[in-house]
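Subject: two-chain model for you to look at

Hi,

Here is the structure I promised to pass on.

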Amino acid sequence: MSLLKKIFTAVRGGAREAGEAIVDANSIRILEQEIKDAEGHIAKAKQDLTSVMAKEMQASREIERLKTQSEEYENYAMDALNKGDDALATEIAEKIAGIESELAQQQEVKSSFSAHADRLRELVKKTERQLAEYKRQLTMVKTTDSVQKATSAISDNFSNSNSKMMSATESLERIKQKQREFDDKLKAAEMLDNESSDASLEAKMKQAGIGPQTSSASSVLDRIKAKKGA
Amino acid sequence: MDIKLIAEKLDKLDADTREGYDFDHQIIPGEEEVLQISICGREEIPVYLTLTDTQILCISYLWDEREVKAEAKTEMMEMMLDMNIPMPLSSFSRIGSKYAVFGALSLNSSMEDIAHEIVTLSDNALDAIEVMSDFLQ
C-alpha cells in the first residue's frame, strides 16, 4: 500500500489529533532501511558495472589484437603461396584458423560482457528510480510527523502560558483595533504637528505686522477719531 | 539551516526586508522545535515556523472546528478549495481540529524569502479570517 494511502486511511480513521501517530515509527524505520538497501544495491551495481566494463574493454583490445594478427598471417600465407611453398601456406592457414576461432570466442565473451553491462545499467536506473520513490515517501511521512510534533509543541506551549484561547474573529478584531489605534495616533500626531506649525507661522506673521491684526486701544481710538473728522 | 539560526538572522534583518513590520519571536521547545514569530500589532495570530528534512514550513492557525457554524461548514470548505490557488503563496489546511494557512519553502531559501513568506502568510491569515467570518460563529 502506498504511503499516501496509509496516511489517507489513518486521517480518515480519525487519527488527526496532535500526538496521535499517523504513520507508526516502524514504517519509518522500514522505509529508512529500504533506502539504505537501495543505496547499497546501487553502489554494488555501479562497482560491478565498472569491472564488467573493464572486462569488455579488455575483450575489445584482444579482438583488435587477434584481427591484426590474423591479417598479418594472411599476408604471410600469401607470401608462401607466391613462393610456391604450399606446405608452409597450409601450416600458416592452420594458424589463421586457430586465431579466427580464438577471435570468435573473444567476440562471444565481449558480447556477453556488453549484455551484462546493459543489464547492470538498467538495474542502476531502476534502483535509482525506486530510491527516489522511497525518499519521496519518507519525506511525506517525516513531514506529517514533524507537523504533528510541532503542533503538539505549540498547543503544549499554549496551554502552559495560561492564555485565554481567543476565537479567530476576536483575534482579528483585536488586531484591527490596534491598527485603528495606531492610525488614530498617527493622525493625532499629524494634526498636532500641523497645528504647531500653523501657530508658529501666525506668530511670525503677527510680528511682521502681516495678516489680521488684533485690535488695540490705540487703533480703536484712531478709528473713532477718523469717524469724528469725517 | 536550523531554527536557532533562522531566529538569529531574523533579528538582523533590515526594515526593508521585513517589509516595514517588526518581528518578535520565541523558540518553542519540544520534540520538534518551533519558532513562533509574532508581527508587532498582530500578536494574536502568530506564524509558526518548523523545519522538516526537505522544507521550511510556515503555519498560521485560523480557527478551531468549534468556531465554525455547523450549517456553513461545507460551503466554507468549498471556499477554501476555491481560494487556494488565488491566495498568493499560502494554502489552506487543517491540523487536528484547527484550520490553518501554510506555506512551504525550500531549505535553501534566503532570509529575504523567509521574511516575505512570514509577512505574506500573516496577511493571508488576516484576510482569510475577514472574508470567511460569515462561516464562523
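**What I found**

Where the two chains meet, 27 residues of chain A are in contact with 25 residues of chain B (in contact means that the C-beta atoms, placed from the backbone, lie within 7 Å). Before you read on: this is a predicted model, in which local features need pLDDT of at least 70 and side-chain atom pairs count only at pLDDT 80 or more, while totals for chains, interfaces and linings use all residues. Residues are numbered from 1 along each chain as its sequence is written, and chains are lettered from A and ligands numbered from 1 in the order in which they are written.

H3(A) gives the largest share, 13 residues. Sorted by class, the chain A side has 10 nonpolar, 10 polar and 7 charged residues (nonpolar is Ala, Val, Leu, Ile, Met, Phe, Trp, Tyr, Cys and Pro; charged is Asp, Glu, Lys and Arg; the others, Gly among them, are polar).

**Chain A**

Chain A has 5 helices and 0 strands, giving the pattern α-α-α-α-α along the sequence. Both kinds of element are DSSP runs numbered from the N terminus: helices are H or I with at least four residues, strands are E with at least two. Of its 230 residues, 11% count as buried (20 or more other C-beta atoms within 10 Å of the residue's own; 12 or fewer is exposed, in between is partly exposed, and C-beta atoms are placed from the backbone). Taking contacts in chain A between residues at least 6 apart in sequence, 79% join residues at least 24 apart.

**Chain B**

Chain B brings in strands: there are 6 of them, with 3 helices, and the order along the sequence is α-β-β-β-β-α-β-β-α. Here 31% of the 137 residues count as buried. For contacts with a separation of 6 or more, residues 24 or more positions apart account for 58%.

The 6 strands make an open, antiparallel sheet in the order S1-S2-S3-S4-S6-S5 (two strands pair if DSSP finds at least two bridges between them). Strand S1 (23–28) and strand S5 (91–95) of chain B are at the edges with a single partner strand each, so one side of each has no neighbour in the sheet. From one strand to the next, the twist averages 30 degrees (angles run from 0 to 180 degrees between N-to-C directions, with axes fitted to C-alpha atoms, for helices over the stretch in contact).

Going through some of the pairs:

- S1(B) and S2(B) form a hairpin with 5 residues between them; 6 bridges join the two, and B:Asp24 has B:Ser38 as its bridge partner.
- S2(B) and S3(B) share 3 bridges, with B:Gln36 opposite B:Tyr48.
- S3 (residues 47–51) and S4 (residues 55–64) of chain B pair over 4 bridges, with B:Leu49 opposite B:Cys58.

Helix H3 (residues 111–132) of chain B lies across S2, S3, S4 and S6 of chain B, at about 15 degrees to S4(B). What about the length of H3(B)? Its 22 residues should span 32 Å at 1.5 Å a residue, and the end C-alpha atoms are 31 Å apart, which agrees (the expected span is 1.5 Å times one less than the number of residues). Buried residues in H3(B) include B:Ile114, B:Ile118, B:Leu121, B:Ala125 and B:Ile129.

Cheers
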